[in-house]
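Good morning, and thank you for coming.

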Amino acid sequence: MYNFSIPSQLKAWIDRVVVAGKTFRYGANGAEGLLKNKKAFIASSRGNVYAAGSPAAALEHHESYLTGVLSFIGSTDVTIVRAEGLAFGPEARDTAMLRARENIAAMAACHSGGACV
């Protein structure tokens, strides 16, 4: 997360990917995403805590924007791996990074035939 949203470089890339006729099309019912049945992963890091229920939740325009864009182009199977509270000091950062790595390991185990949680 960068100033409550995404970095301008990522926005520029999204503008090159979200193209009518390539990743979505307009039909009788409006826009239709063309990237159906595609899995997407978002690796998210944030200095503060913006998760639902937190005091800063209303300022989260990062993951919600990315999942919205992905949904618009048809990718609705989105998994977010998040490390947040990174600016709260070394201990908080280390704990958040450890949790994110544990989430990634659990996903990898699940996809390779292990137990899914």
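Which residues in helix H2 are buried? Please bear in mind that this is a predicted model. Helix H2 runs from residue 63 to residue 72, and its buried residues are Glu63, Leu66 and Val69. These three cover an arc of only 130° around the axis, and therefore they lie on the same side of H2.

Let me now turn to the loop between E3 and H2, where Ser54 is found. Is Ser54 buried or exposed? Its relative accessible area is 15%, and buried means under 20%, so Ser54 counts as buried. The side chain of Ser54 also reaches the backbone oxygen of Ala51, at 2.7 Å.

Finally, I would like to show you a pair of strands. Strand E1 covers residues 24–27 and strand E2 covers residues 30–33; the two pair in the antiparallel sense, over four bridges. Within this pairing, Arg25 has Glu32 of E2 as its bridge partner. How many residues stand between E1 and E2 in the hairpin that they form? There are two residues between them.

Thank you for your attention.

Technical notes:
Residues are numbered from 1 along each chain as its sequence is written. This is a predicted model: local features need pLDDT of at least 70, side-chain atom pairs count only at pLDDT 80 or more; totals for chains, interfaces and linings use all residues. Side-chain values use heavy atoms; hydrogens and water are left out. Two strands pair if DSSP finds at least two bridges between them. Buried means under 20% relative accessible area, exposed over 50%, partly exposed in between (1.4 Å probe, protein chains only). The arc is that of the directions from the helix axis to the C-beta atoms. A polar contact is a pair of N or O atoms within 3.5 Å; within protein, one must be able to donate a hydrogen and the other to accept it, and residues adjacent in sequence count only if both atoms are side-chain atoms.
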